[in-house]
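Welcome! Take a moment to look over the sequence and turn the model around on your screen, and then we will walk through it together.

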Amino acid sequence: MTPKIFRPVNPEQHQSIGIQSTAGCQSVRASFSDYLDGAVSGHEMYAINAHLESCPPCKDEFSSWRKMQHALTSLRPPKVPDDMALRLRVAVSQLKAKQESRWSDRFAVQWDNAIRPLLIQASAGFAGTIVLVGSMILLLGMVAAPQAVMANDVPLGEMTSPRYLYSAANERPIVTGQDTTIVIDASVNAKGQVYDYKIVSGPESAEVQHQVAEQLMLSVFEPARVFGAPVRGRVIITFAGISVRG
Amino acid sequence: MQAGTRMADVASAIGIRTEEASLVAELKAGSEEAFGRLIAQYHQPIYSLVSRSLNDPADAADITQEVFIKVFRSIRGFNGDASLRTWLYRIALHEASNQRRWWSRHKRQEITIDAPAESDETGESFSLGSTLTHQGDSPFDQAAQSELRVQVEACLRELPDAFRAVVVLRELEGFSYEEIAEILDVNIGTVKSRLTRGRAGLRALLGEAAAQRGSSRFMSPGHTPMNRTIVEPAR
């Protein structure tokens, strides 16, 4: 840094130029700020000091700078609101709590604040509903129960059709030339014996009819019953296990 | 003797840095107790700085809170290149600057029905030792001092933001040129230049105010009330 040159000024020089500043004065005045802070070298400080001693206008000017600085130092810090520190601590604390809260903590808070009160109400409502509906069912059962009418009804199942029981001889297969089933409409009397029959489908050859008749004559049926009394009835019999000749 | 004093200063500085490093480590760990200490230590100066940097000092409390919230959020990014104090002041000035921009966009056009009261902001009794007058001022002198403080605050508020920030940091907060450069992220030459122009501007404003009151306190022979020109520095 190049040291600045500050020249002392002869008082007569100022008188000759009125209050107009010389170049030295301008240079000194430009350094007033640094001079106030002591931010000039020792040599510069000495030169400025010497200039101020010899130059009343610059001295007055510097005096007003110093007064300005003193006026600034007279300022007091603005009054902080009484609760400022507390307010800041609360703000930081809230921020910290917000940052650190995990999902489980947040859920716990939500649970405590919202779900739990709601759950109590919901549980109370549910229990109330059960009690109400249960009471209604109980009252309906006690007061408006339907009568048991089954005993007075005529049983519809008292009419039965004939049912095959067994064959009096060993069962023999019906031998035929066609691979088909034989369906027979048989009439059974009150004793459970077949007294008539008709081949509904299947071969109707004499040989087949003879074998069918033989089978039916040896078969014993449970007769049809009406209210327990045996009566005649009809039954459809199917011969499916037929041996095919050949 | 002088060497001994210097050694004591160095040891003290090292102690402060160690203490600060410890505080920063605790802050980074999220210690609320450490934030409590930080708030206790810095909430007053940060509030002062913010209050003097805003167009409307009534917003100072909210902006101070924003500053500390920002500190809490970004303390992990503090790498220790600057001192903690410098870093805090940088955040504070940045927040104040944001608020000023918002204010100029929204609030400037509002008209309040309450005229601002011309009174001592502190509302405290005078501390004679902190005034320029000698002990034993009369009530008249105290009132004059109070009026002077209000006037200085008003003139300070009239300074362009960039000059005002430097003047406040230097004259009221006592930062060195280097620290101011760090806070404002400018070079030392700019700091010196703004400080010179800020002081000159403030002196001119005070001189003008004194001339209006008929006082010659800040008037120099070369000063005329109408010749002040304070040009805001280029950003």
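## Starting with a definition

A residue is called buried if 20 or more other C-beta atoms lie within 10 Å of its own, exposed if 12 or fewer do, and partly exposed in between, with the C-beta atoms placed from the backbone. Is B:Gly207 buried or exposed? B:Gly207 counts as buried, because 25 C-beta neighbours are found inside 10 Å. You will find B:Gly207 in helix H8 of chain B. Helices (H or I, at least four residues) and strands (E, at least two) are DSSP runs, numbered from the N terminus. B:Gly207 and B:Cys155 are 52 residues apart in sequence, while their C-alpha atoms are 10.0 Å apart in space.

## What kind of model this is

This is a predicted model, in which local features need pLDDT of at least 70 and side-chain atom pairs count only at pLDDT 80 or more, while totals for chains, interfaces and linings use all residues. Residues are numbered from 1 along each chain as its sequence is written, and chains are lettered from A and ligands numbered from 1 in the order in which they are written.

The score pLDDT is the predictor's confidence in each residue, from 0 to 100. Chain B averages a pLDDT of 77, and 70% of its residues score at least 70. Where in chain B is confidence lowest? That place is helix H1 (residues 2–28) of chain B, with a mean of 69, whereas confidence is highest in helix H7 (residues 177–184) of chain B, at 93. Over residues 113–135 of chain B the pLDDT is below 50, and the model gives this stretch 23 contacts beyond near neighbours in sequence. Two residues are in contact if their C-beta atoms, placed from the backbone, lie within 7 Å. Residues 221–227 of chain B also have a pLDDT under 50, with 10 contacts beyond four places in sequence. The model scores ipTM 0.70 and pTM 0.56.

## The two chains

Chain A has eight helices and 10 strands. Of its 246 residues, 18% count as buried. Among the contacts in chain A with a separation of 6 or more, 68% are between residues 24 or more positions apart.

Chain B has eight helices and zero strands. From the N terminus on, its elements run α-α-α-α-α-α-α-α. Chain B has 235 residues, of which 31% count as buried. For contacts between residues at least 6 apart in the sequence of chain B, 59% join residues at least 24 apart.

## Two helices that pack in chain B

Helix H3 (residues 60–74) and helix H4 (residues 84–106) of chain B pack at an angle of about 130 degrees, and their axes are 9 Å apart. That angle makes H3(B) oblique to H4(B). Angles under 35 degrees count as roughly parallel, over 145 as roughly antiparallel, 65 to 115 as roughly perpendicular and the rest as oblique. In H3(B), the residues B:Ile63, B:Glu66, B:Val67, B:Lys70 and B:Val71 meet B:Leu88, B:Ile91, B:Ala92, B:Glu95, B:Ala96 and B:Gln99 in H4(B). By class, this contact has seven nonpolar, one polar and three charged residues. Here Ala, Val, Leu, Ile, Met, Phe, Trp, Tyr, Cys and Pro count as nonpolar, Asp, Glu, Lys and Arg as charged, and the others, Gly among them, as polar.

Helix H4 of chain B also holds B:Ser104. B:Ser104 counts as exposed, because it has 11 C-beta neighbours inside 10 Å. B:Ser104 is 49 residues from B:Asn55 in sequence, and the two are 8.5 Å apart in space, C-alpha to C-alpha.

## Where the chains touch

How many residues does each chain give to the contact? Chain A gives 34 residues and chain B gives 46. On the side of chain A that touches chain B, the elements giving two or more residues are helix H3 (32–37), helix H5 (56–73) and helix H6 (84–100) of chain A. The largest share comes from H5(A), with 12 residues. This side of chain A has 18 nonpolar, seven polar and nine charged residues.

## Two residues with positive phi

Most residues other than glycine have a negative phi. A:Phe227 has a positive phi, near 50 degrees, and lies in the loop between strand S7 (224–226) and strand S8 (229–231) of chain A. The phi of B:Asp185 is also positive, near 60 degrees, and B:Asp185 lies in the loop between H7 and helix H8 (188–213) of chain B. A:Phe227 counts as exposed, with 10 C-beta neighbours inside 10 Å. B:Asp185 is exposed, with 10 other C-beta atoms within 10 Å.

Technical notes
Axes fitted to C-alpha atoms, helices over the stretch in contact; angles between N-to-C directions.
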